[in-house]
Amino acid sequence: MTAYPARAAMGRKVRGQALVASDGFSARYDLDRIAGVFSRPQHALFGRSYVGLVLILDRAKGGVATAWMLHEMAARGMLPAALVFNTVNPIMVQGAALADATMMSGFDVDITRVVADGALVELDTAAPALLRVLG
């Protein structure tokens, strides 16, 4: 097992399969929020479902609409199990809080390069916040 400390985390402890890409994330522009898949053809995860998976991406993108959309996705049961970023913006943090989503960010490594797509991961948001790769 390998563990990566994060500088910021919120939400519940989560365990699940990782969906990983060195790309950004906007709930408004990258997703088909009804079908639960990445819909922007230029996105590295185009066509793949994100529902119930631990989404691990490089950076958060987007403005206030992303925050509202995360809340709407949560209300319909269409959220990822957790959101993990190298870099996050305040709007994404607000949206995750509004949606009651687990989120983690701020690693000493590029988390998209050290966690394999499909790996089983655990996010422990209690201090010290850790992302553990279980398998």
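## The E8–E9 hairpin

E8 and E9 form a hairpin, with five residues between them. Helices here are DSSP runs of H or I with at least four residues, and strands are E runs of at least two, numbered from the N terminus. The model is predicted: local features need pLDDT of at least 70, side-chain atom pairs count only at pLDDT 80 or more, and totals for chains, interfaces and linings use all residues. Residues are numbered from 1 along each chain as its sequence is written, and side-chain values use heavy atoms, with hydrogens and water left out.

Strand E8 covers residues 120-124 and pairs with E9 in the antiparallel sense over four bridges. Two strands pair if DSSP finds at least two bridges between them. Asp124 has Leu130 in E9 as its bridge partner. Pro128 sits in the loop between E8 and E9. The peptide bond from Ala127 to Pro128 is cis, with omega near -5°.

## The barrel and strand E9

Seven of them run in the order E1-E7-E6-E5-E2-E8-E9, with mixed pairing. Neighbouring strands of this sheet are turned by 40° against each other on average, direction ignored. Angles are taken between axes, which are lines fitted to C-alpha atoms, for helices over the stretch in contact; they run from 0 to 180 degrees between N-to-C directions.

E9 (residues 130-133) also meets strand E1 (residues 2-10), and four bridges join these antiparallel strands. Ala3 stands opposite Arg132 in E9. Tyr4 stands opposite Leu131 in E9. Which way do the residues of E9 point? Leu130 and Arg132 point one way, Leu131 and Val133 the other, and all are buried. Buried means under 20% relative accessible area, exposed over 50%, and partly exposed in between, with a 1.4 Å probe and protein chains only. In a regular strand the side chains alternate between the two faces of the sheet.

## Strand E6 and Ala82

Strand E6 (residues 82-87) has five of its six residues buried, so it is largely enclosed by the rest of the structure. Strand E5 (residues 54-60) runs parallel to E6, and five bridges join the two. Val54 stands opposite Ala82 in E6.

Ala82 is buried, at a relative accessible area of 1%. Leaving aside residues up to four places away in sequence, Ala82 touches Val14, Leu53, Val54, Leu55, Thr102 and Leu123. Contact means heavy atoms within 4.5 Å. Ala82 and Met10 are 72 residues apart in sequence and 9.9 Å apart in space, C-alpha to C-alpha.

## The helix pair

Helix H1 (residues 64-75) packs against helix H2 (residues 90-98) at an angle of about 20°, with the axes 8 Å apart. That makes H1 roughly parallel to H2. The cut-offs are under 35 degrees for roughly parallel, over 145 for roughly antiparallel and 65 to 115 for roughly perpendicular, with the rest oblique.

From H1, the contact uses Val64, Thr66, Ala67, Leu70 and His71; from H2, it uses Ile91, Met92, Gly95, Ala96 and Leu98. By class, the contact has seven nonpolar, three polar and no charged residues. Ala, Val, Leu, Ile, Met, Phe, Trp, Tyr, Cys and Pro count as nonpolar, Asp, Glu, Lys and Arg as charged, and the others, Gly among them, as polar.

Asp100 lies in the loop between H2 and strand E7 (103-107). Asp100 has a positive phi of about 55° although it is not a glycine. At 48% relative accessibility, Asp100 counts as partly exposed.
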